[in-house]
Amino acid sequence: MSDPKFQRNTRQREVILEELRQLTSHPTAARLHEIVRRRLPKISLGTVYRNLELMAEMGAIQKLQFSGAEARFDGNPDRHDHLRCIRCNRVDDLPGVSLDLSPGDRDDSHGYRILGHRLELLGICAACQNLRASTDGKTSRDGECD
């Protein structure tokens, strides 16, 4: 029997999902909270976090966890891979790259049963490249490029 909290679709959850699906920037929960507050001024950051976690568990969205970086969220639940800027942690979809691995496949060389995969390519986004060129390397960025 499924958990009833997964069945209930609240207004807050609807707005969070609508706003997330309009974005291609793969925001953090805190950034999405700022955006959602434009429509729901009284929504708490905790409510946004809980709903994002719940929707990720349900498979309605993707939670992207990269090494050492704050989790980001993707409104597109379909399997696809990502490219991450090592300077500002911006995350973009990576179109056209696909590994031919399916859950249940077996890696005979290591004895693993494949459960899924994530491909993360690392690079420096155009905004960070431009910033570095314009400042001649005198400053560094840490945050999000929009």
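In what order do the elements of the protein run from the N terminus on? The elements follow the order α-α-α-α-β-β-β-β-β-β-β-α, and the secondary structure comes to five helices and seven strands, where helices (H or I, at least four residues) and strands (E, at least two) are DSSP runs numbered from the N terminus. The model is predicted, with local features requiring pLDDT of at least 70 and side-chain atom pairs counted only at pLDDT 80 or more, whereas totals for chains, interfaces and linings use all residues. Residues are numbered from 1 along each chain as its sequence is written, and side-chain values use heavy atoms, with hydrogens and water left out.

Of the 146 residues of the protein, 32% count as buried, a term that stands for a relative accessible area under 20%, with exposed meaning over 50% and partly exposed in between (1.4 Å probe, protein chains only). Among the contacts in the protein with a separation of 6 or more, 48% are accounted for by residues 24 or more positions apart, contact being defined as heavy atoms within 4.5 Å.

Helix α2 (residues 11-22) is described next. This helix has 12 residues and reaches 17 Å from its first C-alpha to its last, which is close to the 16 Å expected at 1.5 Å a residue; the expected span is 1.5 Å times one less than the number of residues. Within α2, the buried residues are Arg 13, Val 15, Ile 16, Leu 17, Glu 19 and Leu 20.

Two packed helices are described by the angle between their axes and the distance between the axes. For α2 and helix α4 (residues 45-58), the angle is about 75° and the axes lie 10 Å apart, the axes being lines fitted to C-alpha atoms, for helices over the stretch in contact, and the angles running from 0 to 180 degrees between N-to-C directions. The two helices α2 and α4 are therefore roughly perpendicular to each other, since angles of 65 to 115 degrees count as roughly perpendicular, those under 35 as roughly parallel, those over 145 as roughly antiparallel and the rest as oblique. In this pairing, Gln 12, Arg 13, Ile 16, Leu 17 and Leu 20 of α2 meet Thr 47, Val 48, Asn 51, Leu 52, Leu 54 and Met 55 of α4. By class, the contact of α2 with α4 has seven nonpolar, three polar and one charged residues, where Ala, Val, Leu, Ile, Met, Phe, Trp, Tyr, Cys and Pro count as nonpolar, Asp, Glu, Lys and Arg as charged, and the others, Gly among them, as polar.

The axes of α2 and α3 come within 10 Å and cross at roughly 105°, and these two helices are therefore also roughly perpendicular to each other. Here Val 15, Ile 16, Glu 19 and Leu 20 of α2 meet Leu 32, Ile 35 and Val 36 of α3, and the residues of this contact divide into six nonpolar, no polar and one charged.

Leaving aside neighbours within four places in sequence, Ile 61 is in contact with Leu 17, Leu 20, Leu 52, Met 55, Ala 56, Phe 73, Asp 74, Gly 75 and Pro 77.

Several loop residues were also examined. Ile 43 lies in the loop between α3 and α4 and is buried, with a relative accessible area of 5%. The C-alpha atoms of Ile 43 and Gln 12 are separated by 7.7 Å, although the two residues are 31 residues apart along the chain. Not counting residues up to four places away in sequence, Ile 43 touches Gln 12, Ile 16, His 33, Val 36, Arg 37 and Val 48. Ala 60, in the loop between α4 and β1 (62-64), is likewise buried, with a relative accessible area of 19%.

Most residues other than glycine have a negative phi, and most peptide bonds are trans.
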